[in-house]
Amino acid sequence: MNREELLMQLDELLNGFIVTEQCHTEIEEFLIVHAGSRKEFLKLLSMRKRQLNGLPMSQITNLREFEKLKKEDGMFSMHLSSKGFNYRILFRYLENNQILLLGFEEKQGKKRTEYSNFLKSARDRFLNYTKGDDHNE
């Protein structure tokens, strides 16, 4: 799959979500660097999208692939994990949709990839979006 096909497929999967520009770039860069994991990652992203579309917010955390972050009002984590990666997308609900705020690869035992290092940026992106500073869907 060439870069153009990859980006087109990613855009199709992200269609229906609200996605901050930075989050889109983070996912795109992950896929470019992890060429061997693209197919599995995109398959998991498609599955998570179906899960989010099929369940109300109150039930989404019944699935182990989603986590409501403690002490973070309304912030959730979507888990995309397979043999070659352990990716997280931080998101919030906004009316009847989800806004994908920040994507990162979580690495076991690595302080620099802990959630706490990304929460402030995710909160800032949400605030910027709600103020009108980042309106790409």
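Strand 1 (residues 18–19) and strand 5 run parallel and are joined by two bridges, where strands, like helices, are DSSP runs numbered from the N terminus (E, at least two residues, for strands; H or I, at least four, for helices), and two strands are taken to pair if DSSP finds at least two bridges between them. The model is a predicted one, in which local features need pLDDT of at least 70 and side-chain atom pairs count only at pLDDT 80 or more, whereas totals for chains, interfaces and linings use all residues. Residues are numbered from 1 along each chain as its sequence is written, and side-chain values use heavy atoms, with hydrogens and water left out.

Strand 4 (residues 85–94) pairs with strand 3 (residues 75–82) in the antiparallel sense over eight bridges, and the two are joined by a hairpin through two residues. In this pairing S81 stands opposite N86 of strand 4. Strand 4 also runs antiparallel to strand 5 (residues 97–105), to which eight bridges join it. Along this second pairing, the bridge partner of R88 in strand 5 is F104, R92 stands opposite I99, and Y93 is partnered by Q98. Strand 4 and strand 5 likewise form a hairpin with two residues between them, and E95 in that turn has a positive phi of about 55°.

As regards burial (under 20% relative accessible area for buried, over 50% for exposed and partly exposed in between, with a 1.4 Å probe and protein chains only), strand 4 is mostly covered, nine of its ten residues being buried. Strand 5 is largely enclosed by the rest of the structure, because nine of its nine residues are buried.

When neighbours within four places in sequence are left aside, F41 is in contact with I27, F30, L31, L80, F85 and Y87.

Helix 2 and helix 3 pack at an angle of about 145°, their axes lying 9 Å apart. In this packing I27, F30, L31 and I32 of helix 2 meet R38, F41 and L42 of helix 3. By class, the contact of the two helices has six nonpolar, no polar and one charged residues, with Ala, Val, Leu, Ile, Met, Phe, Trp, Tyr, Cys and Pro counted as nonpolar, Asp, Glu, Lys and Arg as charged, and the others, Gly among them, as polar.

E72 is placed in the loop between strand 2 (66–68) and strand 3 and counts as buried at 12% relative accessibility. Residues up to four places away in sequence not being counted, E72 touches L119 and R123, and the side chain of E72 makes a polar contact with that of R123 at 2.8 Å; such a contact is a pair of N or O atoms within 3.5 Å, of which, within protein, one must be able to donate a hydrogen and the other to accept it, residues adjacent in sequence counting only if both atoms are side-chain atoms. N2, in the segment before helix 1, is partly exposed, with a relative accessible area of 42%, and its side chain reaches the backbone nitrogen of E5 at 2.7 Å.

Methods. Contact means heavy atoms within 4.5 Å. Axes are lines fitted to C-alpha atoms, for helices over the stretch in contact, and angles run from 0 to 180 degrees between N-to-C directions.
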